[in-house]
Number of protein chains: 2
Amino acid sequence: MDINTGIIENNKTQMRRGVLEYSILLILAAGDEYASSIIQKLKEVNIIVAEGTTYPLLIRLKKLGLLNYRWEESTQGPPRKYYMITDLGREQLAGLDAAWDELAKGIDSIRKGSKA
Amino acid sequence: MDINTGIIENNKTQMRRGVLEYSILLILAAGDEYASSIIQKLKEVNIIVAEGTTYPLLIRLKKLGLLNYRWEESTQGPPRKYYMITDLGREQLAGLDAAWDELAKGIDSIRKGSKA
DNA sequence: TTTGAATACCTTGCAACACAAGGTACTGAA
DNA sequence: TTCAGTACCTTGTGTTGCAAGGTATTCAAA
């Protein structure tokens, strides 16, 4: 692996970090999911996240009252822990939507400046 | 400070973290700046960053060869360390542009999904 | 019936890094 | 000579993403 790839990869990781909670709340706002399916959905939009990141994060969001969960049997293996977003979670999500918009706007205006 | 503000503020911070290196490179691509002026420019677009974050970050980017600097006298106080982006820095910046676009696209498509 | 693959859950330990707080040093004006 | 303003930098702490390792369930094949 050359040095360039390393720097870029590291930064892509950094960028993803910032939006992990946000994107998980977004996914759960659309419907209940279990950890593995959340990871899968994120992968589909090129937001790669490890199991060791996801499980602690879901537990954290649960503790904060933004999520709840229920167990559901599966014929494909062990039972699944389906997470769902709470009312508080939806409130917070609205705030994060705004934060994301603001950040995107900020980056955009710096970008325009750097091309002037 | 209520609990809601806490969660949101924490997340805004998280989001900013991911794009700090990127936005600093963007600013320096538009012209040489010293640390305090970089912080000021970021503040203008609502990306708040502390001194204790910025200085080590600039040093790190210098060590990676993405930046260089020169000293310049000032009549308003101590000399200023003007940072400038290197050729390698511009290369990396192109990669980060792409990474940002990809991330923004990813978030966008999750957002659309969650409104369906 | 036991072995293995697939699925799903979770924890531990390490490393990166943002930031608050505290510190140094230069300039010019009061 | 003292103080405010500007600018540099470091230290210590806390958070947190992730690699690696571990447990448990189901089903199918040997």
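Mentor: We begin with a term: a salt bridge is a side-chain nitrogen of Lys or Arg within 4 Å of a carboxyl oxygen of Asp or Glu. Please also note that this is a predicted model, in which local features need pLDDT of at least 70 and side-chain atom pairs count only at pLDDT 80 or more, while totals for chains, interfaces and linings use all residues. Residues are numbered from 1 along each chain as its sequence is written, chains are lettered from A and ligands numbered from 1 in the order in which they are written, and side-chain values use heavy atoms, with hydrogens and water left out.

Trainee: How many salt bridges does the rule find across the interface of chain B and chain A?

Mentor: The rule finds four across that interface. In one salt bridge there, the side chains of A:R111 and B:D101 meet at 3.0 Å, N to O.

Trainee: Which elements of chain B give two or more residues to the side that touches chain A?

Mentor: They are α1 (3-30) and α4 (87-115) of chain B; helices here are DSSP runs of H or I with at least four residues, strands are runs of E with at least two, and both are numbered from the N terminus. The largest share of that side, 19 residues, comes from α4(B).

Trainee: And what is that side made of, by class?

Mentor: It has 22 nonpolar, twelve polar and nine charged residues. Ala, Val, Leu, Ile, Met, Phe, Trp, Tyr, Cys and Pro count as nonpolar, Asp, Glu, Lys and Arg as charged, and the others, Gly among them, as polar.

Trainee: How many residues are in contact, and what area is buried?

Mentor: 43 residues of chain B are in contact with 43 residues of chain A, where contact means heavy atoms within 4.5 Å. The buried area is about 4,000 Å², and carbon and sulfur atoms give 68% of it. That area is the accessible area (1.4 Å probe) that two parts lose on being put together, summed over both.

Trainee: Changing topic, how many salt bridges are there over all chains?

Mentor: A search of the whole structure finds 14. A:E21 forms one with A:R60, with the closest N and O atoms 3.5 Å apart. This pair links distant parts of the chain, 39 residues apart: A:E21 lies in helix α1 of chain A and A:R60 in helix α3 of chain A.

Trainee: What about the sheet in chain B, in which order do its strands run?

Mentor: Three strands form an open sheet in the order β1-β3-β2, with antiparallel pairing; two strands pair if DSSP finds at least two bridges between them. β1 (33-34) and β2 (67-72) of chain B stand at the edges with a single partner strand each, so one side of each has no neighbour in the sheet.

Trainee: Which residues stand opposite one another there?

Mentor: β1(B) pairs with β3 (residues 80-85) of chain B over two bridges, and B:E33 stands opposite B:Y83, while B:Y34 stands opposite B:Y82. β2(B) and β3(B) pair over six bridges, and B:W71 stands opposite B:K81.

Trainee: Which helix packs on that sheet?

Mentor: Helix α3 (residues 51-63) of chain B does, touching β2 and β3 of chain B, and its direction makes about 120° with that of β2(B). Axes are lines fitted to C-alpha atoms, for helices over the stretch in contact, and angles run from 0 to 180 degrees between N-to-C directions.
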